[in-house]
Amino acid sequence: MSMSKTIAAIATPSGRGGVGIVRVSGKKSHDILTRLVPDWPENFDAHRLRLSHIHDLKGELVDESLAVFMPGPKSYTGEDVVEFQCHGGPVILRRVLDAALEAGARIAEPGEFTQRAFLNGRLDLTQAEAVADLVNATSASAHQLALEHLQGSLGDEITDLVEVLMEAVVLVEAAIDFSHEEHVYQIETDEVGRRIVDVYDRLHTLRQRFDRGRRQREGVRAVILGRTNAGKSTLFNALHGTDRAIVTDVAGTTRDFLEEELHLEGVAIRLVDTAGLRNTGDRVESLGIERSREMERRADLVIWVVDRSEGFHSEDRRQLHKLAESDRPAIIICNKSDRPAAFDDDDRRLLERFEHCFKTNLAAEPPPGLEAVVDAMAKVAVELTAGEGVLLSRARHLEGVVDAMESLQRARQGLKMQMEHELLAIDLREALDALGRITGKIDTDDILERIFSDFCVGK
Ligand SMILES: Nc1nc2c(ncn2[C@@H]2O[C@H](COP(=O)(O)OP(=O)(O)OP(=O)(O)O)[C@@H](O)[C@H]2O)c(=O)[nH]1
Ligand SMILES: [Mg+2]
């Protein structure tokens, strides 16, 4: 995508609305403005709205709307930007856009305004991603995290780590550059080591918090599991408030997983209904059960439903013991409370191991016990997303952090074993590159510049 062309697009969603915006960015913006608004006063204030008559290039009036000129670099993209805030009708917006295209703009690619903002240094990559996340947020927690990233919380933390690592690189590379002169420069091992450990530890913290950020951004994955006919789909429907899942008394009704989003305490819950677990010769059903297992592995929260009138099968007991021992949050639902329970003492002891264990009658209307289940889900969802500190939110961030940690681990090892400075520098630079990829913001000239600017080695 070349930056030389002026781009234009309708910036508001399609359909009708009070206001619709056509946005233009690039060198020709002002020219386009004056062609669409011929009476635009020369030297009209920048960044000030003006009520304007917008015409197409044939001179036909298209709309009476507000227009604004925002010269770069004080604009979203960093380039000259014009916005037409029209009446929000599809015909108007299309005609204004067409006029802008005719006047020399080309249609913008998705995300191109933000991409230009990044390339012009208005945003780093984590902030550019946050713009998308902000727009896509469906829950309060996703919105909050996106806003923090847009304010630069993650970018600033990474930049900070880069700074510290640069100091280490400067120390090491200075020793390399001058080691063949009369004085052999020894690197200050402690100084370098301290910085490596500091950055490593902070990256470790970021990595540990990754799941929290992921859950804030994407939602908490709550997976409903249990034997066939336990009432999983009935629960799914009751929580979602629809008849989304098919419910029958035939064991093996649900064949494939279903997913719906709901919101509790400002956290999005990705609720997944799965195929009931049992031994079956049915090929389709076994494939469904395999998927249930896969969903279980990826669950942030397991909601286990058991038909209490059936009690546990030995496989259920094995699974639940495993679940009780793991640190994965779980909610156990003993459904069909309208029927007598078939649990023995061992089963009761097993159930007591779970903090969240409820008796429900999901087929009744309203379903007794459901409220307590929802409260527990909300509590767990908040626990899984709340907490202090900067968060990673995407796999891309995590990848950068893990790569940087691996390089730093090598550097640490190398420092201990008095490895060649050149090799140490390579590891440190790899760590820097990995971090730089997160913000999209690093180049080697920067490091060279720092060696000679703030590290004057007595020459
Ligand atoms: N008596 C009674 N029946 C219930 C209760 N909850 C659900 N059922 C019934 O149990 C049957 C199975 O319910 P589903 O929700 O389809 O069960 P499932 O766990 O999704 O089953 P599979 O999809 O086959 O794995 C249906 O006939 C429900 O109406 C309850 O609390 N009491
Ligand atoms: Mg089902």
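Predicted model: local features only at pLDDT ≥ 70, side-chain atom pairs only at ≥ 80, totals over all residues.
Helices here are DSSP runs of H or I with at least four residues, and strands are runs of E with at least two, numbered from the N terminus.

The protein chain has 16 helices and 12 strands.

Overall shape next. The C-alpha trace spans about 85 × 80 × 40 Å along its principal axes. Of the 459 residues, 39% count as buried. Now contacts with a separation of 6 or more: 67% of them are between residues 24 or more positions apart.

On to the backbone. Most residues other than glycine have a negative phi, and most peptide bonds are trans. Here are some exceptions.

Start with Lys 336. Its phi is positive, about 65°, and it is not a glycine. Lys 336 sits in the loop between strand E11 (330-335) and helix H12 (345-352). Buried or exposed? Lys 336 is buried, because 22 other C-beta atoms lie within 10 Å, and the cut-off is 20 or more.

Next, His 47. This non-glycine residue also has a positive phi, about 60°. Its loop runs between helix H1 (29-36) and strand E3 (50-55). His 47 has 11 other C-beta atoms within 10 Å, so it is exposed; that class takes 12 or fewer.

Now the cis peptides. Gly 72 and Pro 73 are joined by one, with omega about 0°. Pro 73 is in the loop between strand E4 (61-70) and strand E5 (81-88). Glu 365 to Pro 366 is cis too, with omega near -5°. Pro 366 lies between strand E12 (356-359) and helix H13 (370-385), in the loop.

How values were computed
Residues numbered from 1 in each chain as written. Chains lettered and ligands numbered in written order. Contact = placed C-beta atoms within 7 Å.
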